[in-house]
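Please open the structure in your viewer and keep the selection tool at hand.

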Amino acid sequence: MKKWLGALFAAVLVFALAACGGNDNNNAAEGGKGGELVKLKVGASNVPHAEILEKAKPILKEKGIDLEIITFQDYILPNKALADKDIDANYFQHIPYLESQMKEHGYDFVNAGGIHIEPIGLYSKKYKSIEELPDGATIIMSNSVADHGRILSMLQEKGLIKLKPGIDKTKATVNDIVENPKHLKFKADVDAGLLPQIYKNGEGDAVLINANYALDAGLDPAKDPIAVESPKNNPYVNIIAVRKGDENRKEIKTLVEVLQSKEIQDFIKEKYHGAVIPAATNNQ
(Lines give C-alpha, C1' and ligand atoms only; values in the text may rest on other atoms or scores of the structure.)
Protein backbone atom coordinates (compact mmCIF):
# COMPACT_ATOMS: atom_id res chain seq x y z
CA MET A 1 0.00 0.00 0.00
CA LYS A 2 2.84 2.37 0.93
CA LYS A 3 4.63 1.61 -2.33
CA TRP A 4 1.46 2.34 -4.31
CA LEU A 5 0.89 5.68 -2.55
CA GLY A 6 4.54 6.64 -3.08
CA ALA A 7 4.33 5.97 -6.80
CA LEU A 8 1.09 7.95 -7.06
CA PHE A 9 2.63 10.93 -5.22
CA ALA A 10 5.68 10.89 -7.49
CA ALA A 11 3.51 10.86 -10.60
CA VAL A 12 1.44 13.81 -9.35
CA LEU A 13 4.63 15.73 -8.52
CA VAL A 14 6.10 15.17 -12.00
CA PHE A 15 2.85 16.31 -13.63
CA ALA A 16 2.73 19.47 -11.50
CA LEU A 17 6.34 20.38 -12.30
CA ALA A 18 5.75 19.85 -16.01
CA ALA A 19 2.69 22.07 -15.92
CA CYS A 20 4.60 24.86 -14.17
CA GLY A 21 7.44 24.58 -16.67
CA GLY A 22 4.99 24.83 -19.56
CA ASN A 23 3.49 28.01 -18.15
CA ASP A 24 6.95 29.60 -17.76
CA ASN A 25 7.80 28.86 -21.37
CA ASN A 26 4.56 30.37 -22.61
CA ASN A 27 5.09 33.51 -20.52
CA ALA A 28 8.64 33.87 -21.80
CA ALA A 29 7.42 33.67 -25.37
CA GLU A 30 4.36 35.87 -25.34
CA GLY A 31 2.86 35.88 -28.80
CA GLY A 32 4.54 32.63 -29.84
CA LYS A 33 2.87 29.23 -30.03
CA GLY A 34 3.96 26.50 -27.66
CA GLY A 35 6.89 28.58 -26.41
CA GLU A 36 8.26 29.25 -29.91
CA LEU A 37 9.54 32.72 -30.82
CA VAL A 38 8.13 34.49 -33.86
CA LYS A 39 10.84 35.37 -36.39
CA LEU A 40 10.98 38.99 -37.58
CA LYS A 41 13.52 40.16 -40.17
CA VAL A 42 14.26 43.89 -40.25
CA GLY A 43 16.63 45.58 -42.70
CA ALA A 44 18.62 48.52 -41.35
CA SER A 45 21.56 50.84 -41.86
CA ASN A 46 24.56 49.97 -39.67
CA VAL A 47 24.46 53.17 -37.62
CA PRO A 48 22.35 54.13 -35.76
CA HIS A 49 19.46 51.93 -36.89
CA ALA A 50 21.04 48.50 -36.37
CA GLU A 51 22.51 49.64 -33.03
CA ILE A 52 19.07 50.76 -31.84
CA LEU A 53 17.56 47.46 -32.97
CA GLU A 54 20.26 45.53 -31.08
CA LYS A 55 19.28 47.38 -27.92
CA ALA A 56 15.64 46.46 -28.53
CA LYS A 57 16.39 42.81 -29.36
CA PRO A 58 16.30 41.36 -25.79
CA ILE A 59 13.13 43.32 -25.00
CA LEU A 60 11.47 41.90 -28.10
CA LYS A 61 12.59 38.40 -27.16
CA GLU A 62 10.75 38.71 -23.86
CA LYS A 63 7.66 39.54 -25.90
CA GLY A 64 8.02 36.45 -28.08
CA ILE A 65 9.85 37.97 -31.05
CA ASP A 66 13.16 36.70 -32.43
CA LEU A 67 14.54 39.78 -34.18
CA GLU A 68 16.97 39.21 -37.05
CA ILE A 69 18.76 42.36 -38.19
CA ILE A 70 19.86 42.52 -41.83
CA THR A 71 22.28 45.41 -42.43
CA PHE A 72 22.54 47.38 -45.68
CA GLN A 73 25.16 49.85 -46.89
CA ASP A 74 22.97 51.87 -49.25
CA TYR A 75 19.49 53.39 -49.58
CA ILE A 76 18.27 51.29 -52.52
CA LEU A 77 18.47 47.65 -51.47
CA PRO A 78 16.48 47.85 -48.20
CA ASN A 79 13.30 48.85 -50.06
CA LYS A 80 13.91 46.31 -52.81
CA ALA A 81 14.36 43.59 -50.18
CA LEU A 82 11.11 44.65 -48.52
CA ALA A 83 9.23 44.57 -51.83
CA ASP A 84 10.70 41.13 -52.61
CA LYS A 85 9.57 39.86 -49.15
CA ASP A 86 13.13 39.04 -48.14
CA ILE A 87 12.56 41.07 -44.97
CA ASP A 88 9.46 41.95 -42.94
CA ALA A 89 10.27 45.63 -42.40
CA ASN A 90 13.06 48.14 -42.85
CA TYR A 91 14.40 50.90 -40.64
CA PHE A 92 16.71 53.32 -42.43
CA GLN A 93 14.68 56.00 -44.22
CA HIS A 94 12.78 59.17 -43.45
CA ILE A 95 9.25 59.95 -44.60
CA PRO A 96 10.06 62.15 -47.65
CA TYR A 97 12.48 59.50 -48.95
CA LEU A 98 9.87 56.75 -48.50
CA GLU A 99 7.32 58.82 -50.40
CA SER A 100 9.76 59.52 -53.24
CA GLN A 101 10.70 55.84 -53.54
CA MET A 102 7.07 54.72 -53.62
CA LYS A 103 6.37 57.23 -56.36
CA GLU A 104 9.44 56.26 -58.38
CA HIS A 105 9.24 52.46 -58.02
CA GLY A 106 5.56 51.85 -57.30
CA TYR A 107 6.23 50.29 -53.90
CA ASP A 108 3.09 49.61 -51.85
CA PHE A 109 4.59 50.48 -48.46
CA VAL A 110 3.30 52.27 -45.38
CA ASN A 111 4.86 54.07 -42.45
CA ALA A 112 4.31 51.86 -39.40
CA GLY A 113 5.72 54.43 -36.94
CA GLY A 114 8.34 57.14 -36.45
CA ILE A 115 11.35 56.39 -34.24
CA HIS A 116 14.04 59.09 -34.49
CA ILE A 117 15.42 62.09 -36.36
CA GLU A 118 18.96 62.52 -37.68
CA PRO A 119 19.54 66.24 -38.25
CA ILE A 120 21.59 66.45 -41.44
CA GLY A 121 24.84 68.41 -41.36
CA LEU A 122 27.01 70.50 -43.67
CA TYR A 123 30.72 69.70 -43.22
CA SER A 124 33.76 71.62 -44.42
CA LYS A 125 37.52 71.14 -44.16
CA LYS A 126 38.11 74.70 -45.35
CA TYR A 127 35.64 76.89 -43.46
CA LYS A 128 34.47 77.13 -39.85
CA SER A 129 30.99 78.52 -40.48
CA ILE A 130 28.40 78.50 -43.22
CA GLU A 131 28.70 82.29 -43.48
CA GLU A 132 32.38 81.93 -44.48
CA LEU A 133 31.53 80.07 -47.68
CA PRO A 134 33.05 82.17 -50.51
CA ASP A 135 31.56 83.37 -53.76
CA GLY A 136 31.26 80.43 -56.13
CA ALA A 137 31.64 77.80 -53.38
CA THR A 138 30.85 74.22 -54.39
CA ILE A 139 28.50 72.25 -52.16
CA ILE A 140 28.48 68.48 -52.64
CA MET A 141 25.28 66.57 -51.93
CA SER A 142 23.99 63.03 -52.36
CA ASN A 143 22.03 61.96 -55.42
CA SER A 144 18.98 61.47 -53.19
CA VAL A 145 16.66 64.30 -54.27
CA ALA A 146 14.62 63.75 -51.10
CA ASP A 147 17.52 65.25 -49.11
CA HIS A 148 18.14 68.29 -51.31
CA GLY A 149 15.40 70.35 -49.71
CA ARG A 150 17.11 69.93 -46.35
CA ILE A 151 20.33 71.69 -47.34
CA LEU A 152 18.51 74.29 -49.41
CA SER A 153 16.23 75.12 -46.47
CA MET A 154 19.29 75.41 -44.22
CA LEU A 155 21.02 77.75 -46.69
CA GLN A 156 17.87 79.85 -46.93
CA GLU A 157 17.65 80.13 -43.13
CA LYS A 158 21.24 81.42 -43.15
CA GLY A 159 20.37 84.01 -45.79
CA LEU A 160 22.64 82.54 -48.49
CA ILE A 161 19.86 81.70 -50.97
CA LYS A 162 16.13 82.14 -51.48
CA LEU A 163 13.69 79.51 -52.72
CA LYS A 164 10.49 80.02 -54.67
CA PRO A 165 7.76 81.39 -52.38
CA GLY A 166 5.39 78.69 -51.16
CA ILE A 167 7.59 75.78 -52.28
CA ASP A 168 7.29 72.54 -50.31
CA LYS A 169 10.76 72.48 -48.77
CA THR A 170 10.86 68.68 -48.62
CA LYS A 171 10.57 68.64 -52.43
CA ALA A 172 12.76 71.63 -53.26
CA THR A 173 15.63 71.21 -55.72
CA VAL A 174 18.39 73.51 -56.93
CA ASN A 175 16.04 74.53 -59.76
CA ASP A 176 13.80 76.16 -57.15
CA ILE A 177 16.49 78.67 -56.12
CA VAL A 178 15.41 82.17 -57.16
CA GLU A 179 18.21 84.14 -55.46
CA ASN A 180 21.82 83.00 -55.11
CA PRO A 181 23.96 86.11 -54.40
CA LYS A 182 27.09 84.06 -53.63
CA HIS A 183 26.70 82.06 -56.84
CA LEU A 184 26.91 78.78 -54.91
CA LYS A 185 27.43 75.71 -57.08
CA PHE A 186 25.82 72.36 -56.30
CA LYS A 187 27.19 68.92 -57.16
CA ALA A 188 24.30 66.55 -56.48
CA ASP A 189 25.22 63.24 -58.11
CA VAL A 190 27.17 61.42 -55.38
CA ASP A 191 26.17 58.20 -53.63
CA ALA A 192 25.33 59.10 -50.02
CA GLY A 193 27.67 56.46 -48.60
CA LEU A 194 30.67 58.10 -50.30
CA LEU A 195 30.13 61.57 -48.84
CA PRO A 196 32.17 61.10 -45.62
CA GLN A 197 35.24 60.07 -47.65
CA ILE A 198 34.73 62.99 -50.04
CA TYR A 199 34.69 65.30 -47.01
CA LYS A 200 37.83 63.70 -45.56
CA ASN A 201 39.52 64.13 -48.94
CA GLY A 202 38.79 67.86 -48.78
CA GLU A 203 36.79 67.88 -52.00
CA GLY A 204 34.52 70.83 -52.70
CA ASP A 205 33.97 73.62 -50.20
CA ALA A 206 31.28 71.92 -48.13
CA VAL A 207 29.68 68.47 -48.07
CA LEU A 208 26.17 67.55 -46.94
CA ILE A 209 26.33 64.27 -44.99
CA ASN A 210 23.50 62.21 -43.51
CA ALA A 211 24.02 61.55 -39.80
CA ASN A 212 23.99 57.75 -40.13
CA TYR A 213 26.89 57.82 -42.63
CA ALA A 214 28.71 60.44 -40.57
CA LEU A 215 28.46 58.30 -37.43
CA ASP A 216 29.58 55.21 -39.33
CA ALA A 217 32.65 57.15 -40.53
CA GLY A 218 33.61 58.27 -37.02
CA LEU A 219 32.33 61.84 -37.35
CA ASP A 220 30.31 63.65 -34.69
CA PRO A 221 27.12 64.93 -36.38
CA ALA A 222 26.40 67.22 -33.43
CA LYS A 223 29.82 68.94 -33.29
CA ASP A 224 31.72 68.53 -36.57
CA PRO A 225 29.36 70.23 -39.09
CA ILE A 226 29.54 73.96 -39.80
CA ALA A 227 25.72 73.93 -39.89
CA VAL A 228 23.04 71.51 -38.71
CA GLU A 229 19.35 71.60 -39.53
CA SER A 230 16.91 72.23 -36.71
CA PRO A 231 15.15 69.16 -35.26
CA LYS A 232 12.07 71.20 -34.32
CA ASN A 233 9.03 70.24 -36.43
CA ASN A 234 11.42 68.31 -38.64
CA PRO A 235 9.60 66.24 -41.29
CA TYR A 236 12.56 63.89 -41.79
CA VAL A 237 11.56 61.32 -39.17
CA ASN A 238 13.19 57.90 -39.59
CA ILE A 239 10.51 55.24 -39.62
CA ILE A 240 9.68 51.56 -39.66
CA ALA A 241 8.44 50.85 -43.19
CA VAL A 242 6.42 47.74 -44.06
CA ARG A 243 4.38 46.37 -46.93
CA LYS A 244 0.82 47.71 -46.90
CA GLY A 245 -1.33 45.63 -44.58
CA ASP A 246 1.58 44.40 -42.47
CA GLU A 247 1.32 47.46 -40.20
CA ASN A 248 -1.49 45.55 -38.46
CA ARG A 249 0.63 42.48 -37.73
CA LYS A 250 1.10 41.93 -34.01
CA GLU A 251 4.87 41.58 -34.39
CA ILE A 252 5.18 44.88 -36.28
CA LYS A 253 3.05 46.73 -33.74
CA THR A 254 5.17 45.30 -30.92
CA LEU A 255 8.39 46.30 -32.72
CA VAL A 256 7.21 49.91 -33.07
CA GLU A 257 5.93 50.03 -29.47
CA VAL A 258 9.31 48.86 -28.16
CA LEU A 259 11.29 51.29 -30.33
CA GLN A 260 9.03 54.14 -29.20
CA SER A 261 9.25 53.09 -25.54
CA LYS A 262 10.91 55.31 -22.96
CA GLU A 263 13.72 52.79 -22.51
CA ILE A 264 14.76 52.90 -26.18
CA GLN A 265 14.15 56.63 -26.60
CA ASP A 266 16.31 57.30 -23.52
CA PHE A 267 19.00 55.03 -24.99
CA ILE A 268 19.00 57.13 -28.17
CA LYS A 269 19.46 60.33 -26.16
CA GLU A 270 22.27 58.93 -24.02
CA LYS A 271 24.21 57.18 -26.77
CA TYR A 272 24.15 59.77 -29.55
CA HIS A 273 24.21 63.07 -27.59
CA GLY A 274 22.06 65.01 -30.04
CA ALA A 275 23.39 63.44 -33.24
CA VAL A 276 20.27 61.27 -33.23
CA ILE A 277 17.11 62.62 -31.59
CA PRO A 278 14.07 60.64 -30.40
CA ALA A 279 11.05 61.36 -32.56
CA ALA A 280 9.05 62.02 -29.40
CA THR A 281 10.97 65.30 -28.94
CA ASN A 282 10.39 66.45 -32.52
CA ASN A 283 7.86 69.11 -31.65
CA GLN A 284 9.43 70.21 -28.38
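Are D147 and R150 buried or exposed? Select both residues and display the side chains: D147 is buried, and R150 is buried as well. Please bear in mind throughout that the model is predicted.

Keep this pair selected and turn to the contact between the two residues. The side chains of D147 and R150 form a salt bridge, with a distance of 3.4 Å from N to O. Now extend the selection to residues 145-157, which make up helix 5. Both D147 and R150 belong to this helix, where they stand three residues apart, or about one turn of the helix.

Next, select D246 and R249. Their side chains are joined by a salt bridge of 4.0 Å, N to O. D246 has a relative accessibility of 16% and counts as buried, because the limit for that class is under 20%. R249 has a relative accessible area of 23% and is therefore partly exposed, since this value lies between the 20% and 50% limits.

Which residue forms a salt bridge with E251? The partner is R249, and the closest N and O atoms are 3.2 Å apart. E251 is buried, with a relative accessible area of 16%.

Finally, return to a view of the whole structure.

Note on methods:
Residues are numbered from 1 along each chain as its sequence is written. This is a predicted model: local features need pLDDT of at least 70, side-chain atom pairs count only at pLDDT 80 or more; totals for chains, interfaces and linings use all residues. Side-chain values use heavy atoms; hydrogens and water are left out. Helices (H or I, at least four residues) and strands (E, at least two) are DSSP runs, numbered from the N terminus. Buried means under 20% relative accessible area, exposed over 50%, partly exposed in between (1.4 Å probe, protein chains only).
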